[in-house]
Amino acid sequence: MNEKKEHEQEHSSEEGEHECFQSRLNEIIGSDSIRSFALRAKISPQVIRKYIQGESTPNIERLITIAQTGGVSVQWLATGEEVEKKVKYIDQPTMSKPSDFGDFVLIPGYSVQVSAGFGSVGNDEKIPTRHLAFRKKWLHYKGYKPQDLIALWAKGDSMEPSIGDNNTLIVHTSETKPVDGNIYIFRLEDQLVVKRVQVNLFGSYLLISDNNFYPPMEIKKEDMEQFDVIGKVVHIAKDI
């Protein structure tokens, strides 16, 4: 009998949590239609309806997407805690540092396109416009500290087939001493480029494109003052 009561209490608690999530989801949708909200979030309207009806719950990636679309914090949407409920994801750096979320860490992504072509103008973007979820176990296995990682986006085809246009690049900003054969993000005056590097015995660098159409770029020792290593590319996310 006691086991039955405990089971009923647990079941009731789970139902309450689902109902609270449904209520919070309804709140951020507000007067907007489900279809309109779903289109902005790039999620099927049928999926959003299932969340509202309690037939399903979102995974971590979709939870983040829904929170960003609704302009609320992931923590509030998931738990109902009132700490920083409203979040301006673009206007202010409310989550500029990696944030823990259960088994995941949210890595900040910036609206900066790194040239995988002839060069693109960089900027001093300091406000993350989105966050990417990575498992803590994977980061630990790789030996990466979340605070050292940022996400940028590639533009162009000079690094194909390794990196394609619009691929997401996870950059380790503490690895700024180039090692032969690895791929790095470089700042050349006002340009950001992603290239494979070859270190010369005389202290110069040869920046190599994986696409043979693009010639190598030599950075001589005397030009190093106008040259910065932003970090090493440690992960590339791409569509198949």
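Strand 7 and strand 8 (residues 191-199) run antiparallel and are joined by 6 bridges; strands here are DSSP runs of E with at least two residues, helices are runs of H or I with at least four, both numbered from the N terminus, and two strands pair if DSSP finds at least two bridges between them. This is a predicted model, in which local features need pLDDT of at least 70 and side-chain atom pairs count only at pLDDT 80 or more, while totals for chains, interfaces and linings use all residues. Residues are numbered from 1 along each chain as its sequence is written, and side-chain values use heavy atoms, with hydrogens and water left out.

The two strands make a hairpin with 2 residues between them, and Glu189 in the turn has a positive phi of about 55 degrees. Strand 7 (residues 183-188) is mostly covered, with 5 of its 6 residues buried, where buried means under 20% relative accessible area, exposed over 50%, and partly exposed in between (1.4 Å probe, protein chains only). Strand 7 also pairs antiparallel with strand 11 (residues 227-237), through 5 bridges. Phe186 faces Val193 in strand 8 and has Val229 as its bridge partner in strand 11.

Back in strand 8 sits Val197, which is buried at a relative accessible area of 3%. Leaving out residues up to four places away in sequence, Val197 touches Pro178, Val179, Asp180, Gly181, Asn182, Tyr184, Phe186, Tyr205, Leu206 and Leu207; contact means heavy atoms within 4.5 Å.

Now for the nonpolar cores, each a set of buried Ala, Val, Leu, Ile, Met, Phe, Trp, Tyr and Cys residues joined through side-chain atoms within 4.5 Å. The largest has 23 residues, and those with the most contacts inside it are Leu25, Ile28, Phe37, Ile48, Tyr51, Ile66 and Leu77. Two or more residues each come from helix 1 (2-29), helix 2 (34-41), helix 3 (45-53), helix 4 (60-70), helix 5 (74-79) and strand 2 (104-115). Helix 4 gives the largest share, 5 residues. A second, separate core holds 15 residues, including Tyr110, Val112, Leu169 and Leu192.

Helix 4 turns up again in the largest pocket, where it gives the most to the lining, 6 residues. A pocket is an open set of points on a 1 Å grid over the protein atoms alone, where a 1.4 Å probe fits, with protein on both sides within 12 Å along at least five of seven lines; lining residues have an atom within 4 Å of a point. The space in this pocket is about 770 Å³, counted as the volume filled by probe spheres set on the points, which are joined across faces, edges and corners. Of its 24 lining residues, Thr65, Gln68, Arg130, His131 and Leu132 are the closest to the centre. Helix 2, helix 4, strand 2 and strand 4 (130-135) each supply at least two lining residues.

Overall, the chain has 6 helices and 11 strands, and 40% of its 240 residues count as buried.
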